[in-house]
Amino acid sequence: MFKCSIIVVFFIGFVRRRAGQTCVHLAHCLVRLLRFISVANMPPHVDLVVVFRVTPPKVTSLSKEQLRQNALKAERQYTALIDTLNRAGLKAVGKSGENQDQLLILVTCPQNVLSRLVHCERYSDFLYGLPMSKLPSVEEDLDAAPLSPADRIRLVHTFITSTPPDGGLGIIPKCKEWDLVESVMALHDHDFNEHWIRLWTRHRIASVQLDKIRDQFGDSVALYFFFLTAYTRALIFPAVLGLVFYFFGTPYSALYSSLLLVWSVVFVEWWALQERILSVRWCTRGSFRVEKRRADYRPGLPWWKKEFRRVASIPIIILFASVLAVILTGIFVLEAFVTQLYKGPGHQIISFTPTILFMALVPKVMASYKLHARRFTDWENHAHQSSHSNSLAIKVFTLSAMNAYLGLALSAFVYVPFGESVMHFVQRYIFSGSRHAAIILERFSINLNDTIKVGSGGGRGEKVAGKVTALNLFEADRENARQKLNPSRLQEQMFAFIVTNQVVDNFMEIGMPYVLRAVDSFRNGKSFRNGKAKKKRVAFDDDSVHGQNQGQVQEKRTKEEREFLEIVRSEVTRPEYDVFEDYGEMVTQFGYIALWSTIWSLAPLMALLNNYIEARSDAFKIATHARRPIPVRTDTIGPWLESLSFLTWLSALTNSALVYLFRPPDDELSTQVDVDVDIGLHAHRHHHGHGRNGSAATKELLGQALLVALFASHGYLLLRTIVRRILELAIWRGSEEAKEAERVNKEMKEKYLKQCTSLTGGTKPVTVDAVPRVGDDWEVFWAVDEGVEEIQRLVKDV
């Protein structure tokens, strides 16, 4: 086909030189014919797929009458759905789905309807002051400059799922009227996905053009990959800096922490400007003003009720935060102290108890909190999806950040300064409670004495005399207990969070979907090849059709149609892609770098290596394991920019406190060679080295650290103001995007004035009669000018 097109191009050039315009017309007809042949061999163009559920979800057992009623309801709703789509000018056809209770409605948008949708969007953009998009406005322009796939999908999806007051059809999944509509999704462009993955895996990040990602998946996904790319490149500076300080610097270096704080402030402020530049470049600045309203929005709610509903969620957040803090603190004490003191039977198994408790409790608490956070966000009655998503993201990230950083905070500000005191307190508490535990075990005829043998004597079967006491189960000596404190606990935790957790997360994103898909294919009796479940029998065969009718249905369907429908059904089984999870992962990683990398300066380097893989794994996840993202117009990353700013401010406090508390004394810096210093030893000398009471010295030191953190907070505000001003002048002022924004604003006003002029039939010149005439007595007043005479008089006087 490509060779035929090349021949036709040469043929057109030859004809233009030899035969004139008549033969050129014939050549164009030949091009259209070849285009028709190529389209005939391609699968049908489907803009969207409406997943329709025949039976209501979460229904297990029903009577025959209930099944009949559900079938009649499904038939009525399905017929109304098809009629609604067809009356709107769309083409819709239903096909059988993955299961018997699932139907797939394939929807395509004709050219004339698409042209009307583009015109409506341009009109709306003009009314609300958005930059005029570069979309064509008439049908002829669509042939010359076709829409990008993302714009086409977004326009059709918005038209179908918007409410009727906003000009849509109101087909909203799982709403009251369309409760059997499960979802409205788009199909992947597999040729682009293969090319995209090949670029990410074989080339550098800079070789992937983000505009092509935007053309396929829309502004939201393109903005995430732009942020990921920019953040990965920005990590080069702290990675090199951390590598230098790891081998040649001192631990808890004030210089490293200061440079890290400057880097974090510069990156956040630089990204805020990059958002503005991209919004101008993509013509999306202020896109929230043209956003369609949510179907669940109820107008007429007073402003004070809206604010009250938003504030009402704060006690719920505090409640779940308190529960999570108690659980994490208990697990921390159990893992850091109790398991270290325990020396009884099964001590190796007991050491896994904190991990088991964390896996059993924390995910359930977070899942319950997300459910309540979503309900509260729905109750807040947000008018637009962007504000709804922002409110939900802030709520969810609050507890996610606590879950991520509380362990390090406890280790840094409790375990190291108060580790010895907490260890002694746990010893006293354990000794008083272990006696009760021994009594309970004896009531159940469990004699722990059987497990305590004499190591080298006593003969066969000889046991230690006496009963088990607390001294047999836990370490009683204080000096031995103090030695069990782990001096490198902070570094080990940072390694676990930065390296181990991210490796596990990458496997959960890439490897686990393959495992789950293979298990599901095995259960359903399908073969599994290359990530796609291929059925052993034809997927669209109706079990109720037998014999000759089934054979006739199979004969009418071509091989291309069967393959196309198999691809559609396989994509329907995938989960929806949510950019929220990817943003949360990157912002959490930024928090580890900005807040805690003073502990382990190699953390930025590990994050850089992870992000090099993360960019490719996210692309692979979208193309292989998730549905095609529905394009969304946006000009910002939303609440994540505020989260980055908050983490940057918090890093000023944590870094200053860490440096003040744990930086080795000056007399030890000259003799220190190993970077992995004995933190416990330094903390002990720092807190108790002046011969005073240890507790009083520790409290005084923490008070001083709090004051240092307070001064650092004010220093952060000053630094952010300076950096913001410098970047504003260096990047935005005088840039092409700033000039473009001003030009677009002026052009919109000029078009408005021209439109007003055309409606009124042109402006009328101001005539003399329009000015009120001045009386004859005052004509001399306006005719005599005394300025020149006054100047000449002044010159003579001089």
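1. Start with helix H20. Its buried residues are Phe-564, Leu-565, Val-568, Arg-569, Ser-570, Glu-571 and Val-572. The helix runs over residues 559-572, 14 residues in total. From first C-alpha to last, H20 reaches 20 Å, close to the expected 20 Å. Keep in mind that this is a predicted model.

2. Next, the aromatic rings. Across the whole structure, 32 aromatic pairs are found. One of them joins Phe-52 and Tyr-78, with ring centres 5.7 Å apart. Their planes stand at 70°, so this pair is edge-to-face. Phe-52 belongs to strand E1 (residues 48-53) and Tyr-78 to helix H3 (residues 64-87), so the contact ties together parts 26 residues apart in sequence. Phe-52 is buried, at 0% relative accessibility. Tyr-78 is partly exposed, with a relative accessible area of 21%.

3. A further ring pair is formed by Tyr-231 and Phe-267. This one is tilted: the planes make 50°, and the distance is 5.7 Å centre to centre. Tyr-231 sits in helix H9 (residues 219-234), while Phe-267 sits in helix H11 (residues 254-281). The pair links distant parts of the chain, 36 residues apart. Tyr-231 is buried at 0% relative accessibility. Phe-267 is buried too, at 4%.

4. Now the salt bridges. The count is 20. Asp-47 and Arg-152 form one of these, at 2.6 Å from N to O. Asp-47 lies in the loop between helix H2 (21-41) and E1, and Arg-152 lies in helix H6 (residues 149-161). They are 105 residues apart, so far as the chain goes this bridge links distant parts. Both residues are buried.

5. Asp-219 is bridged to Arg-214, with the closest N and O atoms 2.5 Å apart. Asp-219 counts as buried, at 6% relative accessibility.

6. Arg-489 deserves a look for two contacts. What does Arg-489 form a salt bridge with? The partner is Glu-335, and the closest N and O atoms are 2.8 Å apart. Arg-489 is in helix H18 (residues 489-523) and Glu-335 in helix H12 (residues 303-341), 154 residues apart. Arg-489 is buried at 10% relative accessibility, whereas Glu-335 is partly exposed at 29%. Arg-489 also lies over the face of Tyr-415, 5.1 Å from the ring centre.

7. Two last items. Arg-289 lies over the face of Phe-288, at 5.7 Å from the ring centre. A network of salt bridges links Glu-121, Asp-151, Arg-154 and Arg-633.

Technical notes
Residues are numbered from 1 along each chain as its sequence is written. This is a predicted model: local features need pLDDT of at least 70, side-chain atom pairs count only at pLDDT 80 or more; totals for chains, interfaces and linings use all residues. Side-chain values use heavy atoms; hydrogens and water are left out. Rings of Phe, Tyr and Trp (its six-membered ring) pair if their centres lie within 6.5 Å; planes under 30 degrees apart count as stacked, over 60 as edge-to-face and the rest as tilted. Helices (H or I, at least four residues) and strands (E, at least two) are DSSP runs, numbered from the N terminus. Buried means under 20% relative accessible area, exposed over 50%, partly exposed in between (1.4 Å probe, protein chains only). A charge sits over a ring if NZ of Lys or CZ of Arg is within 6 Å of the ring centre and within 35 degrees of the ring normal. The expected span of a helix is 1.5 Å times one less than its number of residues. A salt bridge is a side-chain nitrogen of Lys or Arg within 4 Å of a carboxyl oxygen of Asp or Glu.
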